[in-house]
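Please open the model in a viewer and keep the sequence at hand.

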Amino acid sequence: MSTLAAAPETLTVDQAIFTSIRSPMGSGYRLVAASTGLSPEERRELVQVCPSHGNLCDSGPEATGFASFPLRSGRQCLLFAEHAGPEHSARGGQRVHTHVLVLETKAFRAFGCDPFAVLAGLAGRVEPGWVQSPPRHLEALSVTAKPAALADAGAGPSNDQAEIVIAILRAVLDEPRVLVTGATDHRRLMHWIIQSLPVAVRGGLTFAAGLKASPARKFRLLVASDDRTEAARFLQDGGVRHIAWSQPPELAPSPFDAWLNFVARHWDAGHLGQLQALCAKLTRDASAATLTRVVALYNDLERVALVNPETLDRLMQNHARMTPQNELEHELLERFRNAAQQREPQATGVAAEPQ
Amino acid sequence: MSIANPVSSSRRYTTCLICETTNPSSQAACSECSAPLALAQATIEQDREPRMVTILGDSNVGKTVYLGFLLDMLSQRANNFEAVPKGAYSVDLQQLVISHMAYRMFPPKTPMETNQWNWAYYEVCKRGKTPKWVDLVMPDLAGEAIAAEVASPSTFRIIQNLLSKSAGLLLLVDAALAANGSAQPDFFALKMMSYVDAMYAGKRGERITTPIGVVLTKSDYVPDCFNDPLRFAEANLNRLWNMCESRFATVRYFSCSVVGSLAFATGEGDDVVTPVPLHTALRGVMEPFEWIVDQL
């Protein structure tokens, strides 16, 4: 399946750096550099949201964290934080260096609402040396948008991991807010979650991974450490589904079960590229009913070559009455009908032979 | 009333003392500003308005250490004060500071995230002919949050709310940096006082009467500061001094120091030099507080 019909367009991405350094103008955590496209209101919000001292879940020198959420201005914000050596005031702990990317919603959608695709698109544009020596000035970046390449889909969760990741996906689709604790590789986990959600869902998913809870980071999904104090902070507001990585919850029925089973099957078969391509086409409506219809159509399309003539006939009758609700359903239905029509003479011929 | 839930069962909601947001009483902290709801609940019990004293200052000026030692001295009835913490959370800050200093370490940097600030609520009384009990709320704010609020008001509304409700302010300024020729402490203090001035919005010609104690921290570097803090401020923090003279009616200058001797350590191959407080020698910690309480 193709991902983008139109030619890739060049988009602008604003950027900023939030960290603690000493300079003639001051010291401590603040926006030390920002491109001019960021408005004062956006800068203010970044100061509220960016992690400061001790706010990565892991206290080790290699800790990282990231987040994706819309700013009040409507633009999408992506944060990528890491530890960058001892904090300059030498009161213990690591300095947190956060690189911020801000892009228009249209640009974010051009990347399939996938923060990792945005990061991949900017590969080589961000200087590694900025972590130790942040620049004083930053320019906005021009980048050619493309969703994550199908070849970069990577490996899905192992059989052991699939159960818990499906539980997390279910919670993300069903619940208003979700806390996941104890996952060791939160980047890989978020990659699986993003790649398994339709673009229409990704666009509305605010999340943070590897960052401690704070009032300014009240996102729908938080992937954090096992620390009970941290979990308590996130859970205190109520209405939060808590999933511990080491204890997969019992799965209650969900209106999204058809989709989740579909995802699990594709992981198991290693068909992540196909899953990703399908998710990329669900850009508007990803309700449970729509996803169930899409999965049914896709499954029937796969079955055309395998079923007996009677079953094929029944499937064709079912789909003859079907009215597609969106472009993807229309495409799948067309493909089904073409495949069924090609198969039909063969099926009739087989049935006629015994006579 | 049970210890676990001091608010009566008829009170299902608690209004935050700082930002006045209504929260379910079962929550520990305000969902808007993260101030402990226990502050409001304790106020209901006391049936008297608490007085807020807010400690302000730039990052690394010594707010956490100052407040921690102050609270610890009050707990030990220094200077004839009697102080009772209202809730175990009120002891967290002094425990943090005393524990770290006992191991010859300064406490860690206070994060900008409001849900990670320490709050202290104490009942305080100075014993004398007419003892008067005062309820004091003293939050330990992050210097960078204060700086961000001053630079762009409404970044941290909790600071605005705190200042608007404060009966007194203690502005901590790094005397060591100022004496060393750095203008940074003076500029920060000037911005801070300008912000306070704008907040209280006094008429031209009318000076703001909220008592403000200017505490010159790390004065062990500049012993002369103890002799005449006012003259030190006039000479080394002239912008601040002029601002206070012009716009504030009740200002007093104090010198303060907590470290008796300081060493500097670095690891092999390390670029970072870590200051090591070898022992504490508290000087001038109580006086600013005593003065503020007298003004209330």
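Begin by selecting T114(B), which is found in the loop between α3 (92-102) and β5 (118-126) of chain B; helices (H or I, at least four residues) and strands (E, at least two) are DSSP runs, numbered from the N terminus. The model is predicted: local features need pLDDT of at least 70 and side-chain atom pairs count only at pLDDT 80 or more, while totals for chains, interfaces and linings use all residues. Residues are numbered from 1 along each chain as its sequence is written, chains are lettered from A in the order in which they are written, and side-chain values use heavy atoms, with hydrogens and water left out.

T114(B) is buried, with a relative accessible area of 11% (buried means under 20%, with a 1.4 Å probe and protein chains only). Next, display its contacts (heavy atoms within 4.5 Å): beyond neighbours within four places in sequence, T114(B) touches C33(B), S34(B), F156(B) and I158(B), as well as P215(A).

Now select the whole interface, where 30 residues of chain B are in contact with 29 residues of chain A. The two chains bury about 2300 Å² between them, 48% of it on carbon and sulfur atoms; this is the accessible area (1.4 Å probe) that two parts lose on being put together, summed over both.

Then show R217(A) and E113(B), which form a salt bridge with their closest N and O atoms 3.1 Å apart (a side-chain nitrogen of Lys or Arg within 4 Å of a carboxyl oxygen of Asp or Glu). Across the interface, the rule finds 2 salt bridges.

Finally, colour α4 (143-151) and β11 (274-283) of chain B, each of which supplies at least two residues of the side that touches chain A.

Key
Buried < 20%, exposed > 50% of the residue type's maximum accessible area, 1.4 Å probe, protein only.
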